[in-house]
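I opened this notebook to record what I looked up in one structure. The entries follow the order in which I took up each topic.

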Amino acid sequence: MSVTYMTRIKVMAFFVVCFVLWQALRHFPSFSDFSSQSLDHRWNSGAPSVSSLVSPVVVTVFYEALCPDSRSFFTKQLLPTFEKIPHLIQINLVPYGKAKTELTGTGYAFSCQHGPLECQANKIHACAISKLTQADVQLRYATCMISDNMSPEEIGEQCAQEYSVQWKAIVECAGGREGDELLKHHGDLTNSLQPTISFVPTILLDQSDDNQPGILKNLFKEVCGVLQHKRMQLVPECH
């Protein structure tokens, strides 16, 4: 076979390969389709944010409705922290504190650290927590009440109007057996703490009662500490 013939075969094979590649590339989008705007859109719409992948810190608050320290914690720490990072904390409210529960022939009798008025207010809080399942409304309503809880029913109704809450369901609950059962339940939760509660409010972060002074002073900082140092998670909102 001559060298000239072999050369022709190679040239023809080269053109065939080029033709096949050209046909294949015709079916791919042009480079302009992959503009930076298009790529940014695909990244933003397809990838979840870092914070959305972080499970919230569970903040459990054991408090009393007429306790000045509880009021200060709600208004200066708990609500402001929730407003900053609502997706990074899950709040559980437990109104009872240093109250006592006694079983009677007809149900339960309660005695509270700040007197009968506090027991009434604690029941209203307990019923509100039970009836209001939306986290932000529940917290704002409880904070509104505890800001001025010396007339529990009056402030409860005022706050209900402010946050479009069904007051009738709450006050009926607080005045009946349901309210007693709910307050008894909160008492059981409080009494299960080890060590037993010695200061009100007591706050747990992910079931830990470490560093109570720090939590009372700067809840936001302590929640971020749990996320970044104990869980070793990257949370942009904490910077």
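Which handedness does the disulfide of Cys224 and Cys238 have, judged by the torsion about the S-S bond? I found a torsion of about -85°, so the disulfide is left-handed.

Entry on the source. I note that this is a predicted model, in which local features need pLDDT of at least 70, side-chain atom pairs count only at pLDDT 80 or more, and totals for chains, interfaces and linings use all residues. Residues are numbered from 1 along each chain as its sequence is written, and side-chain values use heavy atoms, with hydrogens and water left out.

Entry on the disulfides. I took a disulfide to be a pair of cysteine sulfur atoms within 2.5 Å. By this rule I recorded four disulfides. With the bonded cysteines numbered in sequence order, the pairing reads 1-2, 3-6, 4-5, 7-8.

I returned to Cys224 and Cys238, which are joined S to S at 2.1 Å. Cys224 lies in helix H10 (residues 219-230) and Cys238 in the segment after H10, so the pair ties together parts that are 14 residues apart in sequence. I called a residue buried under 20% relative accessible area, exposed over 50% and partly exposed in between, with a 1.4 Å probe and protein chains only. Cys224 is buried at 4%, and Cys238 is buried at 15%.

I then looked up Cys112 and Cys119, whose sulfur atoms are 2.1 Å apart. The torsion about their S-S bond is about 120°, so this disulfide is right-handed. Cys112 is buried at 13%, as is Cys119 at 7%.

The sulfur atoms of Cys144 and Cys159 are 2.0 Å apart. This pair links distant parts of the chain, with Cys144 in helix H5 and Cys159 in helix H6, 15 residues apart. Their link is left-handed, with -80° about the S-S bond.

Entry on helix H5. I found that H5 (residues 135-146) has twelve residues. Nine of the twelve are buried, so H5 is largely enclosed by the rest of the structure. Among the buried residues are Val137, Leu139, Tyr141 and Cys144.

Thr101 stands opposite Phe110 in E4. Four residues lie between the two strands of the hairpin, and Gly107 in the turn has a positive phi of about 155°.

Notes
Pairing = 2+ DSSP bridges. Expected span 1.5 Å × (residues − 1).
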